[in-house]
There are 2 protein chains.
Amino acid sequence: MTQLYNKVALIGLGLIAGSMAKAMRRAGLAGEIVGHARSAETRKTALEIGLVDAVFDTAAEAVKDADLVVLCVPVGVMGSIAQEIAPHLAQDATVSDVGSVKKAIIDAVQPHMPDHVHFIPAHPLAGTEHSGPHAGFADLFNNRWCLFTPLPETDRAYVDRLKQLWSEMGANVEEMDAEHHDLVLAVTSHTPHLIAYTMVGVADDLQRVANKEVIDFSAAGFRDFTRIAASDPTMWRDVFLNNKEATLEILGRFTEELFDLQRAIRRGDGEQLFDHFTRTRAIRRSIIDAGQDTNAPNFGRYPKEGD
Amino acid sequence: MTQLYNKVALIGLGLIAGSMAKAMRRAGLAGEIVGHARSAETRKTALEIGLVDAVFDTAAEAVKDADLVVLCVPVGVMGSIAQEIAPHLAQDATVSDVGSVKKAIIDAVQPHMPDHVHFIPAHPLAGTEHSGPHAGFADLFNNRWCLFTPLPETDRAYVDRLKQLWSEMGANVEEMDAEHHDLVLAVTSHTPHLIAYTMVGVADDLQRVANKEVIDFSAAGFRDFTRIAASDPTMWRDVFLNNKEATLEILGRFTEELFDLQRAIRRGDGEQLFDHFTRTRAIRRSIIDAGQDTNAPNFGRYPKEGD
Ligand SMILES: NC(=O)c1ccc[n+]([C@@H]2O[C@H](COP(=O)([O-])OP(=O)(O)OC[C@H]3O[C@@H](n4cnc5c(N)ncnc54)[C@H](OP(=O)(O)O)[C@@H]3O)[C@@H](O)[C@H]2O)c1
Ligand SMILES: NC(=O)c1ccc[n+]([C@@H]2O[C@H](COP(=O)([O-])OP(=O)(O)OC[C@H]3O[C@@H](n4cnc5c(N)ncnc54)[C@H](OP(=O)(O)O)[C@@H]3O)[C@@H](O)[C@H]2O)c1
C-alpha cells in the first residue's frame, strides 16, 4: 500500500477510467478519486457504483487540488478539455491521458498546459469492446503494457511516479517517442480495427446472403471480427482522424499484400499460400510465449480442451 | 443413448474427428469407432489416447463393414481418399465428410461413389486454431451449426439419420445447396481468414517496427487476428484453392469497402466513419443474441467484469 497521489481526478468515467479507479483502490495508490463525465447520467452512475468518491458537473471543478489528472475521454476532445481545465490546475500537478494516439494529443493538449504542471502522455494497451462506467474492472491492466511518450523537457521525478502508478495497477511500462507509438499502434491495433469494421460492413451489405445466415453461421471466424467491430464508434472515429498518416501507410501495405495473396488464389498457387500461412502461425506462438494471449482454443470460449 | 451406427470409420484423426469421436461416445451413438490417419505417429497417438477403438494402416481397411464413414481430412485429399475407399465400402454405407467447402468436394468425391452407398456432404461450423489428435473435445459442436448439402437424389432416411447424429453430438442442423454454402462461408469464414493472414503477414514484414514490439504490443486487436492466422496451413491452403470464385468475389467487395473507408480517413470524414462503426456494432449484438458468441469482454479472456 503505497499512496502515490493524494487526489486523482479522472476526466471521463468509462471503461479505462473505471478500470484505473478499481486498480488504484486495490493497491491503495490514491488518497481520493474524483471525476467528471459529460452526461449527468454517467456522473450519477459513477457515484452510485462507487467508481469515484465524488463527481463534479465540470472538469474544471474536478481537477481542483488534484495532484494527478487523467484525461480518459475520446481522443478528439482532449484538446478542449485541456483548455478548460488549464486555469484550475494545482501547482505541480501531473496531467496525463490514456488516449490511443499520442502525437495528435500532444499537439492538442501541450499548448494549453501552464508551466507549473507536468504533462505526461501515456497509453495503456488494454481494453475490451465494452464501454461506459459499468465496463471497468481492476484486472484490465494486468500484464498489459502502458506506453509513455513523455516530452524531453519533463521532470523525470514526475514521469517515474506515474510509471510507478501504472506498475502498481498491474501494467508493464515502456517509453518511446510519440510518432513511433503511433506507427506501432497503426500496425497492432488501428489497421486491424479498420479491417474488422470493413469486413463486418461487407457482410452486412451482402444481398445474396441473408442477414440471419451471416449471424447464425458466424462461428467460423467472422464472429471474432464482430467483437472488434463492436468497439465504441466515437473512440474509433477519433483514432482514425488523429492517426491518419500511419494508418493510411499501413493500409497501403496491407492492400499490396492482400492483392498478392489474392493473385495466388486466382493462379492456384498453393505453395505461396502454404508458405504464408506457415509464417504467420509462428507469430501467434511468440505472442503466447510473451504472455500477451491465452493458448486456450478459441480464447478459452470453451470451458476446457481434452475433456 | 440411441446407437445410430454400428461401426463408424473416421478417416483423418485430427481436431474434427477427435471431437466427433468424443461427442459420439458421450451420447452412445456408435457401437464401435475406428480410424485411419496418414502418419504412423498420429495413428499411434489416436490409439493410445483412446480416440478410436482401432486404427488401420490404410483407409481401405478402416472402412470395411462400417455403416458410417466420415472423411475428416483436408479438402484437397478428399477425392483421392474417396477413390481409394470406394471398392471397400459396405452395402448401404453412409459416406460423409466435414470439409469446409462443399461444391469442390462433391465434384471430387461423388464420381467415385458406388451406387450402393449414400454420400451426404456436411460441414460443422465449429473449430479452433488447434489441430491434430490431441485437439478434439466433446463440446466443440454444442450449439454450433452443421450444414448439410445433400444431393437431390439421396435417400432421405439416410440424411435424417446423419442429421440425428449431428444433433445428438450437440449441433443444430440445416440444409442448403452447396454453392450457397460456399458463398456464405466465403463471407463468414474464408475471407475473414484470408484478411487475418494478410494483416499478420504485414506486421511480420514491417521493417520500421521491430518484431518484438509487434508481439509485445499485440493486445490491442492484432492478437485476435493472430489466433485466426494460426490455423492449420494445409487446411486453409485447400480451402482457398477449392473455394476460389466465392472468395475472390467477397474479397472484391471487401476491397471496395476498404477503399471507401480509407478515403473517409484521408478526407477526415468523421461522420461516415461514425455511421459505419455504429452499423457494425449492431451485428455483434445479433450474434450474441443468436447464441453464437459470448458477451464476456474480450471473449472472457479476463475472469470477470465488474469485480
Ligand atoms: N476502450 C479501449 O479499448 C481503450 C484502450 C486504451 C485506451 N483507450 C482510450 O481511452 C479513452 C477513453 O476510452 P474508454 O474506452 O474508457 O471510453 P468510454 O468507456 O466510452 O468512456 C468515455 C468517457 O468519456 C466521457 N466523455 C466523452 N466526451 C466527453 C466530453 N466532451 N467531455 C467530458 N467527458 C466526455 C464519456 O462521458 P459520457 O458517458 O457522459 O458520454 C465517458 O465517461 C479514449 O481516448 C480511448 O482512445 C481506450
Ligand atoms: N479446424 C477447423 O476449424 C475446421 C472446422 C470445420 C471443418 N474443418 C474441416 O475438417 C477437415 C479436417 O480438419 P481438422 O481441423 O480436423 O484437421 P487436422 O486436425 O489437421 O487433422 C487432419 C487429419 O487428416 C489427416 N490427413 C491429412 N492428409 C491425409 C491423407 N492424405 N490421408 C489420410 N489422412 C490424412 C491427418 O493425418 P496426420 O496427422 O497423419 O497428418 C490428420 O489426422 C478439413 O477438411 C477442414 O476443412 C475444419
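**Figure 1. The area buried between the two domains of chain A.** In this predicted model, domain 1 of chain A and domain 2 of chain A bury about 1200 Å² between them, and carbon and sulfur atoms give 66% of that area. Domain 1 covers residues 5-176 of chain A, while domain 2 covers residues 180-268. Taken over C-alpha atoms, the centres of these two domains of chain A are 29 Å apart. If you zoom in on the contact itself, you will find 17 residues of domain 1 of chain A touching 15 residues of domain 2 of chain A.

**Figure 2. Polar and charged links between the domains of chain A.** Six residue pairs are in polar contact across the interface of domain 1 of chain A and domain 2 of chain A, with both residues of each pair at pLDDT 80 or more. On the side of domain 1 of chain A that touches domain 2 of chain A, the classes are eight nonpolar, six polar and three charged residues. The count of salt bridges between domain 1 of chain A and domain 2 of chain A is one.

**Figure 3. A:Arg227 and the salt bridges between the chains.** Here A:Arg227 is shown with B:Asp224, its partner in a salt bridge whose closest N and O atoms are 2.7 Å apart. Between chain B and chain A, the count is ten salt bridges. There are also 37 residue pairs in polar contact between chain B and chain A, counted with both residues at pLDDT 80 or more.

**Figure 4. The side of chain B that touches chain A.** In this view, 118 residues of chain B are in contact with 117 residues of chain A. The two chains bury about 11100 Å² between them, with 66% of it on carbon and sulfur atoms. Within chain B, the residues that lose the most area to chain A are B:Phe217, B:Ile265 and B:Phe277, which together make up 7% of what that side buries.

**Figure 5. Elements of chain B at the contact with chain A.** The count of residue pairs in polar contact between chain B and chain A is 37, both residues being at pLDDT 80 or more. Elements giving two or more residues to this side of chain B include strand 7 (145-148), helix 7 (178-205), helix 11 (244-267) and helix 12 (270-289). Helix 7 of chain B gives the most, with 22 residues. Sorted by class, the side of chain B that touches chain A holds 56 nonpolar, 32 polar and 30 charged residues.

**Figure 6. The surroundings of ligand 1.** There are 28 residues around ligand 1, and those that come nearest are A:Arg38, A:Ser39, A:Thr42, A:Val73 and A:Ser100. The side chain of A:Ser100 places an N or O atom 2.7 Å from an oxygen atom of ligand 1. Backbone atoms take part as well: an N or O atom of the A:Leu15 backbone lies 2.9 Å from an oxygen atom of ligand 1, and a backbone N or O atom of A:Ile16 lies 2.9 Å from an oxygen atom of ligand 1.

**Figure 7. The surroundings of ligand 2.** Among the 28 residues around ligand 2, B:Arg38, B:Ser39, B:Thr42, B:Val73 and B:Ser100 come nearest. An N or O atom in the side chain of B:Thr42 is 2.6 Å from an oxygen atom of ligand 2. A polar backbone atom of B:Val73 is 2.6 Å from an oxygen atom of ligand 2, and a backbone N or O atom of B:Ile16 lies 2.9 Å from an oxygen atom of ligand 2.

Technical notes: Residues are numbered from 1 along each chain as its sequence is written. Chains are lettered from A and ligands numbered from 1 in the order in which they are written. This is a predicted model: local features need pLDDT of at least 70, side-chain atom pairs count only at pLDDT 80 or more; totals for chains, interfaces and linings use all residues. Side-chain values use heavy atoms; hydrogens and water are left out. Contact means heavy atoms within 4.5 Å. Buried area is the accessible area (1.4 Å probe) that two parts lose on being put together, summed over both. A salt bridge is a side-chain nitrogen of Lys or Arg within 4 Å of a carboxyl oxygen of Asp or Glu. A polar contact is a pair of N or O atoms within 3.5 Å; within protein, one must be able to donate a hydrogen and the other to accept it, and residues adjacent in sequence count only if both atoms are side-chain atoms. Helices (H or I, at least four residues) and strands (E, at least two) are DSSP runs, numbered from the N terminus. Ala, Val, Leu, Ile, Met, Phe, Trp, Tyr, Cys and Pro count as nonpolar, Asp, Glu, Lys and Arg as charged, and the others, Gly among them, as polar. Domain bounds come from an automatic or database domain assignment. A residue is near a molecule or strand if one of its heavy atoms lies within 4 Å of it.
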